[in-house]
Amino acid sequence: MKPLFGCLKSILEIGNKPTDSENAKREQGFLIYMGLLMSSGGILWGTLCLFNEMYIPMVVPYTYVVITTANFLYLYKTKNFIISQNIQIFVSLILPFFFQFFLGGFVASGGNVLWSVLAVFGSFTLGRIKATLTWLVLFILLIILSGVVDSEAQKFDAGLPESYVIFFFVANFIAVIAIIFSLYYYFVTIESATRKSLQTSLTDLHLAQERLIEKEKMASLGSLVSGVAHEINTPLGVGLTGISQIDHEIQKMESNYNSESLTEDALLGSIATIQQLTKTITDRLNNAVTLVKSFKNISVDQHFEDKREFLLKDYVDDLILSLQNPLKSKAVRVVNNIDKSILLDSYPGVFSQIFSNLILNSIAHGFEESEDNNIEISAYVEDGLHILYKDNGMGITDEVAKKIFDPFFTTKRGQGGSGLGMNIIYNLITQKLKGKMELLRISPHGLGFNIFLDSSHIKA
């Protein structure tokens, strides 16, 4: 039957509009397919009546074909599916009743009113249970009416042989059941194709989401790189300047020594200067080494999401150190109040992503340039791990609060905001760490988040 659907595809799509949903297109195709099948039955019945010189009954099935054709042309021209839908259901319900009546009643027609049951199937395209039930009730009333007027209908009985009557019964039952099966098969086929299409779209969306998340991670890592590069530049500059000054002091001592004018005071002065410069260079280079070490731990963890043991407070300290450059851009002070004894056996890379995104989000959206920009991070263990993150920034509106975890929602559209930062955090906490995250409104202004993870992340 799939080749048949392929041939009918252009006809089944005559009512489609570019703005229609897949469900609307499916409903339109279903109703048109039903009309085509019933029209085929109408042509067959009309021809049988014509062949047997039953001219009055012949008009009814041919009328159905004409109305259906006109209705589909109207649908093609106007794309007004609602009107075409109700017209098609109505004629599919009422005309089999008249056809049975003019054939001489229920027995003489072979129960022709059974074709009206297809109108009930057509009413499924209305998409509303009450509307479908209404058409079902009308069908039942029509069946009752057929019984009531059957004696009147017998006046039109053409007196066909019993074999014809039996043939009519068999033909009607077979045709109606075949059409019902065909409609069901059409529905199942379209549903299956839609599911496959949705599955493909869902797979594509997951891939796109993974790429966007990876891009967001790389952007976060890029921020770390630029910050570390800036921070390292300062101690290296001091080191180069200090070495240059040490070289100058050594050359001065050598010159004084060669000219035999090197006094004890001058020697001691040069030694003191060199010692001071050496101490300054050593301190600055140690800071650089510490920074590089912190950056190495953080960057490696962000790239490889391996599970290992780590002290949460020390790890967050390393992360804060690696974010010094963006923090300095808004003069933000981060206070780490995490209990120093909390030892986790979890995914440090995930925690790095969570805290770095939270901090960068506060810097980008929460703070203006000020001398009182603060972020506080605390954590404690009680039936699991409780983490509290809060800033004293400008806060958010109620409208933003409703959408803050939605993907692609950002208040910085066109200014570099991807709308994925908070969504990534939420998914990492709820999916990767199997935890919970809730928004906190800090009074009088500011923003916070409560994060809860079960005890499986805590090293016993």
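Strand β2, residues 332-338, has one covered face and one uncovered face in this predicted model. V332, V334, N336 and I338 lie on the covered side. R333, V335 and N337 make up the uncovered side. In a regular strand, side chains alternate between the two faces of the sheet.

**Strand pairing**
- β2 pairs with strand β4, residues 373-381, in the parallel sense.
- Seven bridges join β2 and β4.
- I338, from the covered face of β2, stands opposite A379 in β4.

**Helix packing: α13 and α15**
- The axes of α13 (residues 348-366) and α15 (residues 421-432) come within 9 Å.
- These axes cross at roughly 150°. Angles over 145 degrees count as roughly antiparallel, so α13 and α15 are roughly antiparallel to each other.
- The crossing of α13 past α15 is left-handed.
- On the α13 side, the contact residues are V350, Q353, I354, N357, L358 and N361.
- They meet G421, M422, I424, I425, L428, I429 and K432 in α15.

**Nonpolar cores**
- The largest nonpolar core holds 45 residues. W115, L118 and L183 touch the most other members.
- Helices α2 (22-51), α3 (55-78), α4 (81-103), α6 (117-122), α7 (129-148) and α9 (162-258) each supply at least two residues of this core.
- α4 gives the largest share, 10 residues.
- Leaving aside residues up to four places away in sequence, L118 touches M34, M38, V176, I179, I180 and L183.
- A second, separate core has 41 residues, including L323, F367, I377 and M437.

Definitions and conventions
Residues are numbered from 1 along each chain as its sequence is written. This is a predicted model: local features need pLDDT of at least 70, side-chain atom pairs count only at pLDDT 80 or more; totals for chains, interfaces and linings use all residues. Side-chain values use heavy atoms; hydrogens and water are left out. A nonpolar core is a set of buried Ala, Val, Leu, Ile, Met, Phe, Trp, Tyr and Cys residues joined through side-chain atoms within 4.5 Å. Buried means under 20% relative accessible area, exposed over 50%, partly exposed in between (1.4 Å probe, protein chains only). Helices (H or I, at least four residues) and strands (E, at least two) are DSSP runs, numbered from the N terminus. Contact means heavy atoms within 4.5 Å. Two strands pair if DSSP finds at least two bridges between them. Axes are lines fitted to C-alpha atoms, for helices over the stretch in contact, and angles run from 0 to 180 degrees between N-to-C directions. Angles under 35 degrees count as roughly parallel, over 145 as roughly antiparallel, 65 to 115 as roughly perpendicular and the rest as oblique. A crossing is left-handed if the near helix is turned anticlockwise from the far one by less than a right angle, and right-handed if clockwise.
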